[in-house]
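Here is a short report on one protein chain, written to be read beside its coordinates. Start with the overall picture, then follow the details.

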Amino acid sequence: MSQPPRLPTGHHDARMAGSAGDPVDNQAAAHRVAQLFFLAHRGLTGDANAYLRDLGLGRAHYRVLYFAARLPGVTVGEMLDILDITAQGVARVLNRLLDEGYLRQETDRGDRRRRRLYVTEAGARLERDVFARQAVIIDAAIAAAGAGAQAGFAAMMMALISADDRVILDRLGTATGGGETQT
């Protein structure tokens, strides 16, 4: 028997709590939101992924570069937690980025078992180039939806993020000057 879906910490399912809306309508709305997420992600990442493919890289390489650029000195273990993947899942990606000079790795001074990751100039340039392709799409979406839509979208995204992941978001906000997440 399958288990009910795990809701992020601090969230509740309004359909189970006797919401005023029709459960069928709520389910249809949930499906619509999921569809929008899937297709919006493809729209957001399509040009960037094509650029990465031309370089023989993929989305996983970019994700590592993105977080290493915002969290200089992030340990490999922390990167695994952020990306929610196993060491096996990231090994090939890290090795490629290290071999091609996009990342450098240093042994932690306090704990020689830990490896810290830093983007190189080439890695920073690649990360900026990929993000610029996504930023154009984000900017166009904000313009198309109107300035008022941004706050509602951000509120919905925050409601979808688990308490554990908010810690990561807070760390990223602090590292990039974005401030802490409001809970």
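## Overall picture

Of the 183 residues of the protein chain, 25% count as buried. The model is predicted. Its accessible surface comes to about 12200 Å². Carbon and sulfur atoms account for 55% of that surface.

The secondary structure comes to 7 helices and 3 strands. From the N terminus on, the elements run α-α-β-α-α-β-β-α-α-α. Take the contacts between residues at least 6 apart in sequence: 57% of them join residues at least 24 apart.

The 3 strands form an open sheet in the order 1-3-2, with antiparallel pairing. Strand 1 (74-75) and strand 2 stand at the edges. Each has a single partner strand, so one side of each is left without a neighbour in the sheet.

Strand 2 and strand 3 pair in the antiparallel sense over 5 bridges.

Is Leu 117 buried or exposed? Leu 117 is buried, because its relative accessible area is 0%, and the cut-off for buried is under 20%. This residue lies in strand 3, which spans residues 115-119.

Which residues does Leu 117 touch, leaving aside those up to four places away in sequence? They are Leu 71, Pro 72, Gly 73, Val 74, Val 76, Met 79, Leu 94, Leu 103, Arg 104 and Gln 105. Val 74 is 43 residues from Leu 117 in sequence. In space, the two C-alpha atoms are 5.5 Å apart.

## Helix 4

Helix 4 covers residues 87-99 and has 13 residues. From first C-alpha to last, it reaches 17 Å. That is close to the 18 Å expected at 1.5 Å a residue. Just after helix 4, Gly 101 takes a positive phi of about 80°.

The buried residues of helix 4 are Val 90, Val 93, Leu 94 and Leu 97. An α-helix has 3.6 residues a turn, so residues three or four places apart point the same way. What covers the buried residues of helix 4 includes helix 2, helix 3, strand 2 (103-107) and strand 3. Leu 94 is also among the residues that Leu 117 touches.

## Salt bridges

Side chains of opposite charge can pair when their charged atoms come close. The count here comes to 6 salt bridges. Three of them are described below.

Glu 127 and Arg 70 meet through their side chains at 3.2 Å, N to O. This pair links distant parts of the chain, 57 residues apart. Glu 127 sits in helix 5 (residues 121-145), and Arg 70 in helix 2 (residues 59-70). Both residues are buried.

Arg 171 and Glu 78 form a salt bridge at 3.5 Å, N to O. This pair also links distant parts of the chain, 93 residues apart. Arg 171 belongs to helix 7 (residues 163-176), and Glu 78 to helix 3 (residues 76-83). Arg 171 counts as partly exposed because its relative accessibility is 36%. Glu 78 is partly exposed too, with a relative accessible area of 22%.

Arg 113 forms a salt bridge with Asp 111. Their closest N and O atoms are 3.0 Å apart. Arg 113 is exposed, at 72% relative accessible area.

## Aromatic pairs

A pair of aromatic rings is described by the distance of the centres and the angle of the planes. The count comes to 3 aromatic pairs. For Tyr 62 and Tyr 66, the ring centres are 5.9 Å apart and the planes stand at 55°, so the pair is tilted. Both residues lie in helix 2, 4 residues apart, about one turn of the helix. Tyr 62 is buried, with a relative accessible area of 3%. Tyr 66 counts as partly exposed at 24%.

Tyr 66 also pairs with Phe 67, and this pair is edge-to-face. The centres are 5.3 Å apart, with 85° between the planes. Phe 67 is buried, with a relative accessible area of 16%. Which residues do the ring pairs link into a cluster? They are Tyr 62, Tyr 66, Phe 67 and Phe 131.

Notes. Residues are numbered from 1 along each chain as its sequence is written. This is a predicted model: local features need pLDDT of at least 70, side-chain atom pairs count only at pLDDT 80 or more; totals for chains, interfaces and linings use all residues. Side-chain values use heavy atoms; hydrogens and water are left out. Helices (H or I, at least four residues) and strands (E, at least two) are DSSP runs, numbered from the N terminus. Buried means under 20% relative accessible area, exposed over 50%, partly exposed in between (1.4 Å probe, protein chains only). Contact means heavy atoms within 4.5 Å. A salt bridge is a side-chain nitrogen of Lys or Arg within 4 Å of a carboxyl oxygen of Asp or Glu. Accessible areas come from the Shrake-Rupley method with a 1.4 Å probe; for residues, only the protein chains shown count as cover. The expected span of a helix is 1.5 Å times one less than its number of residues. Two strands pair if DSSP finds at least two bridges between them. Rings of Phe, Tyr and Trp (its six-membered ring) pair if their centres lie within 6.5 Å; planes under 30 degrees apart count as stacked, over 60 as edge-to-face and the rest as tilted.
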